[in-house]
Amino acid sequence: MRRRKLEELFFKLLMVLATIIVAGSFFLIVGTIFYKGVPYMNLDMITKTPGGGFYIGKEGGVLNAIVGSLYVAGGATILGLLISIPVALYINMYMDGKRFLSNTLRMAFDVLFGIPSIVYGAFGFLIMIYFGIRASLLGGIIAVTLLVIPILVRTLDEVIRTVPLELRDAALSLGSTRWEMAKVVLRQIRPGIFTAILLAFGRGIGDVASVLFTAGFSDNVPTSLHEPAATLPLAIFFQLGSPVEEVQGRGYASALILTIIVLIITVLSDILIKKYSKHKI
Amino acid sequence: MTQTPHISVQHLNVHIADQHILKDINIHIPDKSVISIIGPSGCGKTTLLKSFNRLLDNTPDIKITGNVLVDKENIYAPDAEVTHIRKKMGLLSQRPYPLPMSIYDNVAYGPRIHGIRKKAELDELVETQLKATGLWNEVKDRLNASATRLSIGQQQRLCLARGLAVGPEIILGDESTSALDPVSTAIIEDLFISLKEKYTIVLVTHILRQARRVSDYIIFVYMGKIIEFGPTEEVLLNPKEELTKEYVKGYIS
């Protein structure tokens, strides 16, 4: 009896400890970024592009990287959704009889999911060379799209699979075509689509390796798809690598900006998920 | 059984993977009556029901042979139009599955996909069908509320209204009351009885008392075969087959 109670206590302590470590590191990371970044945070950081001598501590901000990152991650998420939603619907609704094929596809996406982002960067770079595209916003969007498609497809696939088959049968038995049935399923999974967007955007905006060769870097805000674009992770990397204290501090401020962007996206998608769960069965 | 058959099944065989689910089914389902399919779990009742509106089509590894004639038209013919066939039949599943939209849109969904766009026409259809299922007075003030806000019994009646709104000839019920409380069950059963004036109703049930209360005919299915088919009282009280006798008495289940 005593042994069982001890066992209970031991594992409960283990769980509490693990939770403290996870929650603690979260607050430690966010805390460090705030502590180091806030002193260097000012309006210039988010409203100005780097001026001459920005990287040796003179005036300017990282507007170029903020806009570049939003373009790259936003563009890739939208492009990725346009590709992933049809794929996920096709696997789930049009391949019913062909289990082998759909399982093979799922496995392929699992493999893609696990491929490191530098490989996508390298692959995107090859595509760009083939088509003669320079390091540009377009190149970055293509590479990050490749990176987020597996995330989107697998998330959407999981969400679609939670839709009861009876709901599909209900639509079909009213005489709907498969596409009309798919639209009912899409309504049902709308909250899940926002989860997928959140995951893809979060991954896309934080990734360095995929944009390293493909998007390039520029001190200007990109005005067309063919111009190189700066991204926040790269900007953080460059600034933190500087020996100048002022520049390092701005690196932390940039990290803070990136964290806040992700936070805003998370809160926004949370609101949308709640809003669109209204009709969900 | 002098009425013209509404659904005729001829030599229907269904295999899923290497299982023989339905074995050489032959049956004529009469028009404008309630027919209950009874039998133990896993005997193929639901498969038989779903073969009537081709809902089995999407099952992996399925093989269907034989003919099912609805209004003398073979629904398994290569040129059969599947949406047209399904429109003829309303399905009421075990649990209500309202579409993820408002009460109004649930009923209007079917008519809309079949081309009715006019607001006035849709309004009238929605009101008529909600009245037919006795739901109108309960929901008329909150038609734009989410269908999921209704009680489960109300949801099931909404699903029935939704099915009736596309103007079917046949209602298929797959243990439609099994998730409902006794009061809701009684309401649905009464609806079936009153609806048989206009529709042919085929129900799968494992509640013999329910089969007795609502149906005119009973089909007893066992291990994928039809063992007995006849008027309710005859099958339940005076079965011809030994297996039916044992099932009705509760020896096999």
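These legends go with several views of a predicted model.

Residues are numbered from 1 along each chain as its sequence is written, while chains are lettered from A and ligands numbered from 1 in the order in which they are written. In this predicted model, local features need pLDDT of at least 70 and side-chain atom pairs count only at pLDDT 80 or more, but totals for chains, interfaces and linings use all residues.

**View 1. Chain A has 12 helices and 0 strands.** Helices are DSSP runs of H or I with at least four residues, strands are runs of E with at least two, and both are numbered from the N terminus. The C-alpha trace of chain A spans about 70 × 70 × 35 Å along its principal axes. Of its 281 residues, 37% count as buried (20 or more other C-beta atoms within 10 Å of the residue's own, with C-beta atoms placed from the backbone).

**View 2. Chain A is divided into domain 1 (2-40) and domain 2 (54-276).** These bounds come from an automatic or database domain assignment. The C-alpha centres of the two domains lie 30 Å apart. Each domain gives 7 residues to their contact (C-beta atoms, placed from the backbone, within 7 Å). On the domain 1 side, 5 are nonpolar, 1 is polar and 1 is charged. Nonpolar means Ala, Val, Leu, Ile, Met, Phe, Trp, Tyr, Cys and Pro; charged means Asp, Glu, Lys and Arg; the others, Gly among them, are polar.

**View 3. Chain B meets chain A with 25 residues from chain B and 23 residues from chain A.** In chain B, helix 2 (82-87), strand 6 (89-92), helix 3 (103-113) and helix 6 (152-164) each supply at least two residues of the side that touches chain A. That side of chain B holds 12 nonpolar, 10 polar and 3 charged residues.

Note on methods: Contact = placed C-beta atoms within 7 Å. Buried ≥ 20, exposed ≤ 12 C-beta atoms within 10 Å, placed from the backbone.
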